[in-house]
Amino acid sequence: NNTIHVLLLRSRDYDGFVSSLLLPEEARRSSLALRAFNVELAQVKDSVSQKTIGLMRMQFWKTAIEEIYRDEPPNQPVSAELWRAVRKHYLTKRWLLRIITEREKDLDDRAYRNLQELEKYAENTQSSLIYLLLECLGLKNVHADHAASHIGKAQGIVTCLRATPYHSSRRKVYLPMDICMLHGASQEDFIRGSREQNVRDVVYDIASQAHVHLQHARSFSNNVPAAANLAFLQTVVLEDYLQRVRRADFDVFHPSLKNRNPLVPIQLYIRSWKKSY
């Protein structure tokens, strides 16, 4: 099914694309739609030169969600697919709107004041997406929701770390300011790609927090229905990055972190059979 939104997803969120393909037939197309919607919103910040244009894009999506729930989706590829998913799984409107609102706030383009601020952003964007994936799988389970909350937070933290070299090359730093100050690492240190110990200490602290969230998520695993594992496949990708950054001694600019691990799709496939996350 090589429609526009699938191609968008494949180029912008390859891991999410592969994870979607591993879902059961009845959830696969809806997952592709949700992830494409997420990518559409995520790329607004990098693709617009002025905040006002970004706000207009976000307004388009807010209106689109309202129209989708009125059964009048706008004629736009991702909206059409999203409408189909909403109708099929009775998706919760609040989660979709929360992703938009939070990404809209993020257009302010400033560093997170502290780790809690980054976690809140991750909860409202990444965790909300996982709650929707759980709904696509027909799961309503409080333990699965708890796990999803922590996995989303880990995902947001890892995404922030992974994007640091790219953002630094554009003279932007979003890492939590409290942790940078704690280790005496300035924004300039990141912008010039410093590999000094204090910069690594910042990365270590942030990566450790992502690891803690993954461990928390696993602490619920005995009470989480096996089917929910398929909404949590992203943990494979998170673990892969955290292991690689540890091997690079927390040097976020290490060349080994630039390339995608070619084994990840295979690991995702194996994990999808294992019924564990």
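Is K51 buried, partly exposed or exposed? In this predicted model, K51 has a relative accessible area of 41% and therefore counts as partly exposed.

## Salt bridges

The structure holds 24 salt bridges. In one of them, the side chains of K51 and D108 meet at an N to O distance of 2.6 Å. K51 belongs to helix α5 (residues 51-69), while D108 is in the loop between α7 (93-105) and α8, so this pair ties together parts that are 57 residues apart in sequence. D108, with a relative accessible area of 44%, is partly exposed.

A further salt bridge joins E102 to K105, with 3.3 Å between the closest N and O atoms. These two residues are three apart in helix α7, and are therefore separated by about one helical turn. R70 and E72 form another salt bridge, their closest N and O atoms being 3.6 Å apart; E72 is partly exposed, at 47% relative accessibility.

## Charges over aromatic rings

## Aromatic pairs

Eight aromatic pairs are found in a search of the whole structure. One of them is formed by Y204 and F250, whose ring centres are 5.0 Å apart; the planes stand at 90°, so the pair is edge-to-face. Y204 is part of helix α13 (residues 197-219) and F250 is in the loop between α14 and α15, so the contact ties together parts that are 46 residues apart in sequence. Y204 is partly exposed, at 42% relative accessibility, while F250 is buried, with a relative accessible area of 14%.

F232 and Y277 form an edge-to-face pair as well, with 4.9 Å from centre to centre and 75° between the planes. This pair links distant parts of the chain, 45 residues apart: F232 is in the loop between α13 and α14, and Y277 is in the segment after α15. Both F232 and Y277 are buried. Elsewhere, F37, F60 and W61 form one aromatic cluster.

## The nonpolar core

The largest nonpolar core has 88 residues, and L34, F37, F190 and F232 are those with the most contacts inside it. Helix α8 (residues 115-136) supplies the largest share of this core, ten residues.

Leaving aside residues up to four places away in sequence, F190 touches T164, S168, V173, L175, C180, A185, V199, V202 and F253.

## Helix α2

The buried residues are D15, G16, F17, V18, S19 and S20. They pack against α1 (4-12), α3 (25-42), α9 (142-162), α14 (234-247) and α15 (264-274).

Notes: Residues are numbered from 1 along each chain as its sequence is written. This is a predicted model: local features need pLDDT of at least 70, side-chain atom pairs count only at pLDDT 80 or more; totals for chains, interfaces and linings use all residues. Side-chain values use heavy atoms; hydrogens and water are left out. Buried means under 20% relative accessible area, exposed over 50%, partly exposed in between (1.4 Å probe, protein chains only). Helices (H or I, at least four residues) and strands (E, at least two) are DSSP runs, numbered from the N terminus. Contact means heavy atoms within 4.5 Å. Rings of Phe, Tyr and Trp (its six-membered ring) pair if their centres lie within 6.5 Å; planes under 30 degrees apart count as stacked, over 60 as edge-to-face and the rest as tilted. A nonpolar core is a set of buried Ala, Val, Leu, Ile, Met, Phe, Trp, Tyr and Cys residues joined through side-chain atoms within 4.5 Å. A salt bridge is a side-chain nitrogen of Lys or Arg within 4 Å of a carboxyl oxygen of Asp or Glu.
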